[in-house]
Structure formats: C-alpha cells, structure tokens
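Biologist: Hi, I'm new to this one. Can you walk me through it while I look?

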Amino acid sequence: MFIWSFFKRHGKQIAFHTLSCLAIGALLLVAYSAYQYKQMTNQWYAPIDGAKGSAKQAAVSLPPRDLLTGTEPLKPFVALLLGVDSRDGESARSDTMMLAAIHPGKQSVYLLAIPRDSYMELPGKGYDKVNHAMAFGGPKMVKESLEKYLQIKIDRYISVDFDGFRQIVDELGGVTVDVKKRMKYSDPSDDTYIDIQPGLQTLSGEQALDYARYRKSDLGKEDSDYMRIDRQQEILKALASKGTSLQVYTKAFSLMEILGQHVKTDLTEQEIASLLLSYGDGTPNSIQADTLVGQDERIWHNGIVGWYHLVPTSERERARQQIVKEVTP
C-alpha cells in the first residue's frame with residue numbers, strides 16, 4: 001500500500017528523471033561515437049600524394065550525402081582496394097589488388113580483381129609486374145599504373161594490412177566458408193604455415209587470411225592465381241554480408257579502433273559517413289565480382305626469363321567498359 005501511494009505521488013518525477021538519465025546517456029553515447037569515428041577517420045586518412053591538408057580540400061569530386069535529410073547519396077566512383085603485406089624491415093607488397101566501381105545510389109559494387117603478376121608499364125620504372133608498383137611507389141604508383149593500363153580514372157584508394165584483416169574477422173566472430181579441399185603449405189623462411197581442412201566451417205582471422213592467400217601446396221597440384229582470386233572475393237562477400245548485421249553495431253567501437261590502426265585511405269570523413277548511410281540501411285546490397293583474364297607467359301625482362309600475366313587489349317577494354325557502365329549515374 002505504501003509503495004502504491006509513493007508512486008502515485010512521485011511517479012511523474014521518477015519517470016521524468018528516468019527519461020532524463022536515458023536521454024543524457026544516449027547523448028553521451030552519440031558524442032562518444034562521434035569522437036571515436038573522428039579519431040578513426042583522422043588516423044586512416046592518408047592522401048595518395050602525401051599532402052594531407054590540400055588533398056582534403058581537393059576531395060570535392062564526390063559530393064557527400066546530406067547527413068540531415070539523407071536524400072542524396074555520394075555520386076558513383078572508382079576505388080582501388082589493396083590488401084597489403086607489410087613486414088618489419090621490408091617494403092609493403094600489394095598481395096591483393098582490386099578495383100571497385102561503387103554506386104551508392106543503387107547500393108551496388110562491381111569488384112574487378114587484378115592478377116598481381118599482370119605485366120604493365122609502371123611510371124618511371126618501365127614494364128614490370130603490377131605487384132611491384134606498391135614497393136616502388138606505394139598506392140600512388142599502383143593507381144597511376146592501372147589508370148594508364150585500363151584507361152580509366154581512379155578516384156580513391158583503400159588499403160588494409162594483413163594484421164588488420166585478421167583482427168576484423170576475429171572481432172566479427174569469423175567468416176563462414178565451404179572449403180572445397182585440404183589446404184596445406186609451409187614456408188619457414190617467411191613463417192607461413194597453412195593447414196585448413198575441407199568442409200563448411202567458420203574460419204578465424206588467421207585461417208581466413210590463409211584461405212585467401214593459399215596457392216602453393218605441399219600435397220600436390222598447386223592452385224592458379226584465378227582460384228586464389230575467387231577465394232579472396234568469397235571472403236570479401238562474406239565480410240560484406242556481416243557489414244549490415246546487428247553484430248557490427250554492437251562492436252562498433254572496437255571495430256573503429258582496429259580500422260583506425262590498420263586502414264589507410266583518401267576517402268574523407270564526410271564521404272565515409274555518406275557511404276555508411278547508403279550501404280548500411282538494411283536494404284540488400286549488390287556485389288558483383290569479376291576478374292581481369294589473361295594468360296601466364298615466360299618472357300625476357302631485364303635479362304631474366306620470368307613468368308608474367310599478359311592480358312589482351314580486348315579483355316582490358318571489356319573491363320574498362322564494365323567499370324564505366326557501373327559508375328554511370
């Protein structure tokens with residue numbers, strides 16, 4: 001009786017204070033989220049020409065979405081995606097290389113994998129494997145090489161190192177993959193030890209990286225680079241499917257911390273926010289995967305006979321037209 005009488009007299013006050021506390025808590029959470037987001041984007045913002053201030057001012061070719069009304073998505077653009085193998089005392093190598101034609105208005109992404117042994121002209125270095133461009137001149141040289149090779153404009157780049165990839169996968173609880181065969185390979189010289197059993201399973205970050213990188217085998221026939229690219233695209237799709245899950249939001253702070261330490265990009269803070277609004281609204285996103293196809297040939301290069309991936313002009317034109325089509329408003 002006393003409790004009922006107490007709530008009858010003070011119920012409105014209690015409700016008001018409860019709502020006030022919840023509102024203050026929500027505001028603090030939003031403020032902290034905004035702070036973490038800004039910290040992350042400041043950490044990973046790395047203009048391709050190294051001029052941080054001027055590049056940020058120049059990044060106006062991708063008008064950001066109106067964050068208040070949410071009516072205008074970012075205009076379509078092409079991004080260079082790099083998976084970087086960076087080890088102590090060695091130049092970074094681009095182990096994975098893709099072009100992404102991104103159309104936020106349609107919530108679509110067209111991924112074109114570039115075989116890492118593709119033979120092309122590297123600015124100032126002559127003809128070589130595109131994989132070497134990262135070591136010679138970083139993302140800028142990779143971008144310029146591919147722009148000339150495919151006759152397209154690349155607007156932005158995003159690179160993630162291997163350690164960051166492992167941590168992201170682990171933070172999301174792994175990725176589910178149907179492994180088609182036993183994968184076993186070891187190379188003590190660079191601490192590579194791959195041993196994955198076949199079957200449907202959830203791979204950890206370390207296993208997912210091994211699965212994506214696997215090509216050489218201790219058990220018999222080796223995989224082609226195309227098979228390797230297929231697995232890389234499979235992992236990317238599996239991660240993308242988790243990108244709109246509730247799990248991502250519950251682990252937003254820890255994911256932002258990982259991304260801030262292991263990702264580099266010249267996408268601005270406003271552009272990233274706009275992309276998150278476009279692709280994270282719950283509507284299914286469309287991801288189409290493709291590969292630049294050619295053939296491996298032995299050719300003379302700098303007095304040495306080596307294997308290089310040669311892509312015919314017709315195939316490069318096919319890829320160019322597809323990219324242009326995907327980013328046409």
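Biologist: Which residues of α6 are buried?
Modeller: In this predicted model, the buried residues of α6 are D225, R228, I229, R231, Q232, Q233, I235, A238, L239 and K242.

Biologist: How many residues does α6 have, and how far does it reach?
Modeller: α6 has 18 residues and reaches 26 Å from its first C-alpha to its last. That is close to the 26 Å expected at 1.5 Å a residue.

Biologist: Let me pick Q232. What does Q232 touch?
Modeller: Q232 sits in helix α6, residues 225-242. Leaving out residues up to four places away in sequence, Q232 touches D95, T96, M98 and A212. Its relative accessible area is 6%, so Q232 is buried.

Biologist: And D225, which side chains does D225 meet in salt bridges?
Modeller: One is R215, with the side chains of R215 and D225 meeting at 3.9 Å, N to O. That pair links distant parts of the chain: R215 is in the loop between α5 (205-213) and α6, D225 is in helix α6, and they are 10 residues apart. Another is R228, where the N to O distance is 3.7 Å.

Biologist: Why are D225 and R228 separated by about one helical turn?
Modeller: Because they are 3 residues apart in helix α6.

Biologist: Are D225 and R215 buried or partly exposed?
Modeller: D225 has 11% relative accessibility, so D225 counts as buried. R215 is at 23%, so R215 counts as partly exposed. As for R228, that residue is buried, and so is D225.

Biologist: How many salt bridges does the count come to?
Modeller: The count comes to 14 salt bridges.

Biologist: Which residues are linked with D163 in a network of salt bridges?
Modeller: R166 and E206 are linked with D163 in that network. The side chains of R166 and D163 meet at 3.8 Å, N to O. Both lie in helix α4 (residues 162-171), 3 residues apart, about one turn of the helix. R166 has a relative accessible area of 23%, so R166 is partly exposed. D163 is at 35% and therefore counts as partly exposed too.

Biologist: Switching to D266. Where is D266 found?
Modeller: D266 is in the loop between β11 (263-265) and α9 (269-279).

Biologist: What is the nearest side chain of opposite charge to D266, and how far away is it?
Modeller: That would be R156, 4.5 Å away.

Biologist: You mentioned α9. Which residues in α9 are buried?
Modeller: E269, E271, I272, A273, S274, L275, S278 and Y279 are buried. That makes 8 of the 11 residues of α9, so α9 is largely enclosed by the rest of the structure.

Biologist: Q107 and Q151, buried or exposed?
Modeller: Q107 is at 9% relative accessibility, so Q107 counts as buried. Q151 has a relative accessible area of 57%, so Q151 is exposed.

Biologist: Zooming out, how many helices and strands does the protein chain have?
Modeller: The protein chain has 10 helices and 14 strands. Of its 329 residues, 42% count as buried.

Biologist: Last thing, confidence. What does pLDDT average?
Modeller: The protein chain averages a pLDDT of 78, and 74% of the residues score at least 70.

Biologist: Which elements have the lowest and the highest mean pLDDT?
Modeller: Helix α2 (residues 52-58) has the lowest, at 44, and helix α10 (residues 313-326) the highest, at 96.

Biologist: And where does pLDDT stay under 50?
Modeller: Stretches under 50 include residues 10-33, for which the model has 7 contacts beyond four places in sequence. Residues 53-60 stay under 50 as well, with 8 such contacts. Where pLDDT is low, the predicted coordinates should not be read in detail.

How values were computed
Residues numbered from 1 in each chain as written. Predicted model: local features only at pLDDT ≥ 70, side-chain atom pairs only at ≥ 80, totals over all residues. Heavy atoms only, no water. Helix = DSSP H or I, 4+ residues; strand = E, 2+ residues; numbered from the N terminus. Buried < 20%, exposed > 50% of the residue type's maximum accessible area, 1.4 Å probe, protein only. Contact = heavy atoms within 4.5 Å. Expected span 1.5 Å × (residues − 1). pLDDT = per-residue confidence, 0-100. Lys, Arg positive; Asp, Glu negative; His and termini not counted. Salt bridge = Lys/Arg side-chain N within 4 Å of Asp/Glu carboxyl O.
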